[in-house]
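Thanks for coming. I will walk through one structure today, element by element, and you can follow along on the screen.

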Amino acid sequence: RMEFRESRDSLLSLASEFICTALKKHRDVSRIDVNDPILLGSACHSCLSSVANSLLKLPPFDPSTMACEGLKRYMLEFLPSTAEVIFVVGFTDPAYQGAMYRIIIRIYKIFHKLDFSNPLDWNSLALLLKGPYLVLQRQRALARIEPFRELVQTVLRIVNRHKSN
């Protein structure tokens, strides 16, 4: 598991660092009238979402995976940073759409299958939700996709169930 986790975590960290640095540089250069917002192609987004998805299949029962820095950076930096570009270029592109769907569906499954009898790392689970939330802040169109609605309904059910106990 360690080799599986470390290689994917490093790739997600590298991609997040690249996109954050490149977007800063792009904003500086765009003042000179450069209008090409595509820093990573749709195939790259799809591949990175598959890598993040493979890591997300392990939690919430594996605290080491939930603590992966690359996964956190992907959720909190990469997804929100690229959200504007993806929606401007065209959320209708199946590769971009698939990447976002894949992540949201995986997070939905994590929350849908939570086993409250096992100890859970609520802080890490909160970080998983914060990624789609930050994307939603930048692009309201995310609220219209069905997997996102299902995720919100599931989280609301968990909160209501936890409140009543």
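Confidence comes before anything else, since this is a predicted model. Among the elements of the chain, helix α2 has the highest mean pLDDT, at 88. The lowest mean, 78, belongs to helix α4, which covers residues 69–90. For the chain, the mean pLDDT is 80, and 82% of the residues reach 70 or more.

Let me start with α2. This helix runs over residues 42–56, so it has 15 residues.

Which residues of α2 are buried? They are H45, L48, S49, V51, A52, N53, S54, L55 and L56.

I will take S49 from that list. S49 sits in helix α2 and has a relative accessible area of 0%, so S49 is buried. Leaving out residues up to four places away in sequence, S49 touches Y74, A99, R102 and I103. With R102 there is also a polar contact, side chain to side chain, at 2.5 Å.

Next, the cysteines. How many disulfides does the structure hold? The count is zero. Take C44: the nearest cysteine sulfur belongs to C47 and is 6.5 Å away, and C44 is in no disulfide. As for accessibility, C44 is partly exposed, with a relative accessible area of 30%. C68, on the other hand, has 5% relative accessibility and counts as buried.

Now the charged pairs. In general, side chains of opposite charge can pair when their charged atoms come close. The structure holds three salt bridges.

One of them joins the side chains of R73 and E17, at 2.7 Å from N to O. R73 lies in helix α4 and E17 in helix α1, residues 2–30, so this pair ties together parts that are 56 residues apart in sequence. Are the two partners buried or partly exposed? R73 counts as buried, at 17% relative accessibility, because the cut-off for buried is under 20%. E17 is partly exposed, with a relative accessible area of 39%.

R73 also forms a salt bridge with E77, where the closest N and O atoms are 3.0 Å apart. R73 and E77 are four residues apart in helix α4, so about one helical turn separates them. E77 is partly exposed, at 27% relative accessibility.

Then there is the salt bridge between E146 and R149, with the closest N and O atoms 3.4 Å apart. E146 and R149 lie in helix α7, residues 146–164, and being three residues apart they are separated by about one helical turn. E146 counts as partly exposed at 41% relative accessibility, and R149 counts as partly exposed at 39%. Which residues do salt bridges with shared partners join into one network? They are E17, R73 and E77.

That is the end of my part.

How values were computed: Residues numbered from 1 in each chain as written. Heavy atoms only, no water. Helix = DSSP H or I, 4+ residues; strand = E, 2+ residues; numbered from the N terminus. Expected span 1.5 Å × (residues − 1). Buried < 20%, exposed > 50% of the residue type's maximum accessible area, 1.4 Å probe, protein only. Disulfide = S-S within 2.5 Å. pLDDT = per-residue confidence, 0-100. Polar contact = N/O pair within 3.5 Å; in protein donor to acceptor, adjacent residues only side chain to side chain. Contact = heavy atoms within 4.5 Å. Salt bridge = Lys/Arg side-chain N within 4 Å of Asp/Glu carboxyl O.
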